[in-house]
Amino acid sequence: MRVFMRRFAAALLLTAVCLYVPSAPGWEAAASSGHEHMHAEVSGEWSGLLVKLKSFAEMSSVMLLLGVFVFRAVLLPASGEREVWPAIGRIERIASVAALYALMLAGSNNSLTIIKVAVAIVWLLAVWEIFTPAKLSTVLKTLCALVLVPLLHMESVGAFLSITGTIALLVSSIHTASLAVWIGGGVSVYAALARKPELSGPQLQLLLARFMTWAAAACCGIVFSSLIGLFPGPGADGRAEWMSRPEDILILFKLLLILVIVWVATDGYGRWRRAGDEEMRFRFRYKQSVRFSLSLTVLVMLVSALVSTPVPGGRVLKEPIYWHVMGQEAHMSLRIREWSGRGQQVRLDIWLPSGTGKPVSAEVALRRDEKGVKVPILYKEGGPDPYGFEGFDKYTYESEGNYMAGNGSWTIEVVVTDGRQKRHTYEKVEVIP
């Protein structure tokens, strides 16, 4: 078991380093006009992958921490044990540190991130037994779980302002808590099966019976929340469409994996219960089935991270998008930000050589998953700009509306035609976490 713990800790450390180094400021490529078009798509794909990996690290560490807590507080007393085994304590402590680090790494500079990190710190202090009374630690862990799990799926407090947002938040929380029972409880059960000295037959039977009961309820929660994700959503024409997203295929694949997990776990448990005199041999087989189920559960968690979406009703953009390109014959600046709960405000500034006149046309288009939207920008003002670039006139366009309706990888395209009928095209991939 000690070898397993060392490998587990090393894997967490390696994952943290791999996620932190590419996101450090020194690794970010500086934007320049000469390389804007060549690397936009490639950097966008890597940024999207990095965001998904951060989300996976955040969710998996919290799930492990929550699952181990459920095992300690609910499942372990069924075996008659009053003292927590050292292996379970080590797993919980590692999970608390990993959860805090992942939340700090995956978060942004907003109030919800600060709250999540603060809750994770309190949970870590409770796990490391800073609070002396055991009952106080249990109460604090319970409160932290009730606060942190919903916060993982929120982008702003505005998610509570609509019935749809509240239901989506509840469904996502059920999904996370259910997966936590499988991953955290499964790791703890594996530790119990590998415990030396081994548990007696009656103790192990009571423990596994309680775990299988909770695992069955958790499986129902996972299936229910996954099926909700398959409900038809509005398509490009505003009508409901079944299987309208590529993520729906991943959801079906996740449901298939869950069926395999249930079959492996129940078959191994049934064989162990019917073992009779060969209990020790079938106990080893059941431990192997638990290990295989845990591997598949990690895959389910990865799929969940790939298809997860934030709860509707909140702000899509955590931070404004600002994009500036310097050119020989024209300069462009585009800013997109949330605008008082009315969607996004888009502002486009164009600098053309003095005397060229107002642009013949200016267009801004946003595209995600092969579905695009054209931003209806309107001309606001233009002419000589004493505070701008020497030898250039500035022209400003603005628009307001719900253009970026969700997170993911967005392709932003700006096309400007000047008075000499010369087109200036700019394109960039922006990943909204």
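Start by selecting Ser289: setting aside neighbours within four places in sequence, its contacts are Val264 and Gly268. Show those residues together with Ser289 to see the contact. Now widen the selection to residues 279-307, which form helix α9, where Ser289 has its place. With a relative accessible area of 11%, Ser289 is buried. Keep in mind as you look around that this is a predicted model.

**Step back to the whole chain**

The protein has 433 residues, and 46% of them are buried. Among contacts between residues at least 6 apart in sequence, 68% join residues at least 24 apart.

**Next stop: helices α3 and α4**

Select residues 86-106 for α3 and residues 111-127 for α4, and give each a colour. How do their axes cross? They come within 9 Å and cross at roughly 165°. Since angles over 145 degrees count as roughly antiparallel, α3 is roughly antiparallel to α4. The crossing of α3 past α4 is left-handed.

On α3, pick Glu92, Arg93, Ser96, Val97, Leu100, Leu103 and Met104. On α4, their counterparts in the contact are Thr113, Lys116, Val117, Ala120, Ile121, Leu124 and Val127. Colour this contact by class and you will find nine nonpolar, two polar and three charged residues.

**Stay on α3: Ala95**

Ala95 is also found in helix α3. Is Ala95 buried or exposed? Its relative accessibility is 1%, so Ala95 counts as buried. Select Ser61, Leu64 and Leu65 as well: Ala95 touches these residues, leaving out any up to four places away in sequence.

**Last stop: Lys428**

Finally, select residues 423-432, which make up strand β11, and pick out Lys428 within it. With 17% relative accessibility, Lys428 counts as buried, because the cut-off is under 20%. Which side chain does the side chain of Lys428 make a polar contact with? Show Glu430 to find the partner: the side chains of Lys428 and Glu430 make a polar contact at 3.4 Å.

Definitions and conventions:
Residues numbered from 1 in each chain as written. Predicted model: local features only at pLDDT ≥ 70, side-chain atom pairs only at ≥ 80, totals over all residues. Heavy atoms only, no water. Helix = DSSP H or I, 4+ residues; strand = E, 2+ residues; numbered from the N terminus. Buried < 20%, exposed > 50% of the residue type's maximum accessible area, 1.4 Å probe, protein only. Polar contact = N/O pair within 3.5 Å; in protein donor to acceptor, adjacent residues only side chain to side chain. Axes fitted to C-alpha atoms, helices over the stretch in contact; angles between N-to-C directions. Parallel < 35°, antiparallel > 145°, perpendicular 65-115°, else oblique. Left-handed = near helix turned anticlockwise from the far one by under 90°. Contact = heavy atoms within 4.5 Å. Nonpolar A, V, L, I, M, F, W, Y, C, P; charged D, E, K, R; others polar.
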